[in-house]
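Let us read a protein model together, one feature at a time. Have the sequence and the 3D view ready.

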Amino acid sequence: MKITKLTTYIVPPRWCFLKIETDEGVVGWGEPVVEGRAHSVAAAVEELSDYLIGKDPRHIEDHWTVLYRGGFYRGGAIHMSALAGIDQALWDIKGKALGVSVSQLLGGPVRDSIRVYSWIGGDRPADTAAAAREAVARGFTAVKMNGTEELQFVDSYEKVEATLANVAAVREAVGPHIGIGVDFHGRVHKPMAKVLIKELDPYKLMFIEEPVLSENYEALKELAPLTSIPIALGERLYSRWDFKRILSEGYVDIIQP
Ligand SMILES: [Mg+2]
């Protein structure tokens, strides 16, 4: 079997899909995209596609390694999202060619179901509380919300209190046993993160996400000891090498690859 063609499809407002075709008629689909950079990722797929034409699509690991290591510059949001979309499409082809699901090829299913949270957004306590109640009514046992608007390097306690009021309203709306994740989106500089993370402790959150940006990861050494809430991070990390330090140092409790 040989790869004959790669085609990307930009779907507004933010998606990009990839179709990989083969000479045996088996077609694989992947999603090479990162928000706001769909065209850049599609261009990266185009740059990587020369290598793939004529190759056997079933040699997935070999292709991944060449496409990752073959260039002088490696990694980052664009390159890794392009590579991920290609990887998905190649696995899709392999599964279809063998007549089995990809989960079977990767070792078989581990769960029949998985707990998920619902994003509830909302910046005002009344909105978030109502959205949280609605999510719980739909059967969710966990929700995730915005932590805060942008905080300056050293900001006012008024904004901290607004965040606390928002979280308190959600906790009150859903009761003590629903999981609440609070996403800081890396919008909080370390001095205010220290304040906020400590103040959030009484609300028994499921996790705090990106209390600082991944590139300021070293700040977590100071922040993690200030709270008993699990810390989540990783949606802006793109490879096992990006996660190496996170895993070895142990300040992050939940990784979000
Ligand atoms: Mg996030």
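The dialogue below goes through strands, helices and cores.

Q: What kind of model is this, and how are residues numbered?
A: This is a predicted model, where local features need pLDDT of at least 70, side-chain atom pairs count only at pLDDT 80 or more, and totals for chains, interfaces and linings use all residues. Residues are numbered from 1 along each chain as its sequence is written, and side-chain values use heavy atoms, with hydrogens and water left out.

Q: How do I read a sheet, and in what order do S1, S2 and S3 stand?
A: Start with the strands. Strands (E, at least two residues) and helices (H or I, at least four) are DSSP runs, numbered from the N terminus. Two strands pair if DSSP finds at least two bridges between them. Here an open sheet of 3 strands has the order S1-S2-S3, with antiparallel pairing. Strand S1 (3-11) and strand S3 (27-30) are at the edges with a single partner strand each, so one side of each has no neighbour in the sheet. On average, neighbouring strands of this sheet are turned by 20° against each other, direction ignored. Strand S2 (residues 15-22) pairs with S3 over 4 bridges. Leu18 stands opposite Gly30 in S3.

Q: Which strands does helix H3 touch?
A: Contact means heavy atoms within 4.5 Å. Angles run from 0 to 180 degrees between N-to-C directions, with axes fitted to C-alpha atoms, for helices over the stretch in contact. Helix H3 (residues 76-98) packs on the sheet and touches S1, S2 and S3; its direction makes about 145° with that of S3. Helix H1 (residues 38-52) lies across S1 and S2, at about 180° to S1.

Q: How do I check the length of H3?
A: Take 1.5 Å times one less than the number of residues. The 23 residues of H3 should span 33 Å, and its end C-alpha atoms are 32 Å apart, which agrees. After H3 comes Gly99, with a positive phi near 75°.

Q: Is Glu210 buried or exposed?
A: Buried means under 20% relative accessible area, exposed over 50%, partly exposed in between (1.4 Å probe, protein chains only). Glu210 has 0% relative accessibility, so it counts as buried. Glu210 lies in the loop between strand S7 (207-209) and helix H8 (220-223). Beyond its neighbours within four places in sequence, Glu210 has contacts that include Asp183, His185 and Arg236.

Q: Why is strand S5 called largely enclosed?
A: Count its buried residues. In strand S5 (residues 142-146), 5 of the 5 are buried, so the rest of the structure largely encloses it. The chain goes from S4 through helix H5 (residues 125-137) to S5 in a right-handed β-α-β crossover. Right-handed means that, with the strands pointing away from the viewer, the path from the first strand over the helix to the second runs clockwise. S5 also pairs with strand S6 (residues 179-183), parallel, over 5 bridges. Met145 stands opposite Val182 in S6.

Q: Which residues touch the most other members of the largest nonpolar core?
A: A nonpolar core is a set of buried Ala, Val, Leu, Ile, Met, Phe, Trp, Tyr and Cys residues joined through side-chain atoms within 4.5 Å. The largest has 37 residues, and Ile180, Leu200, Leu205 and Leu220 touch the most other members. Another core, of 23 residues, lies apart from it and includes Ile60, Leu67, Tyr68 and Ala89.
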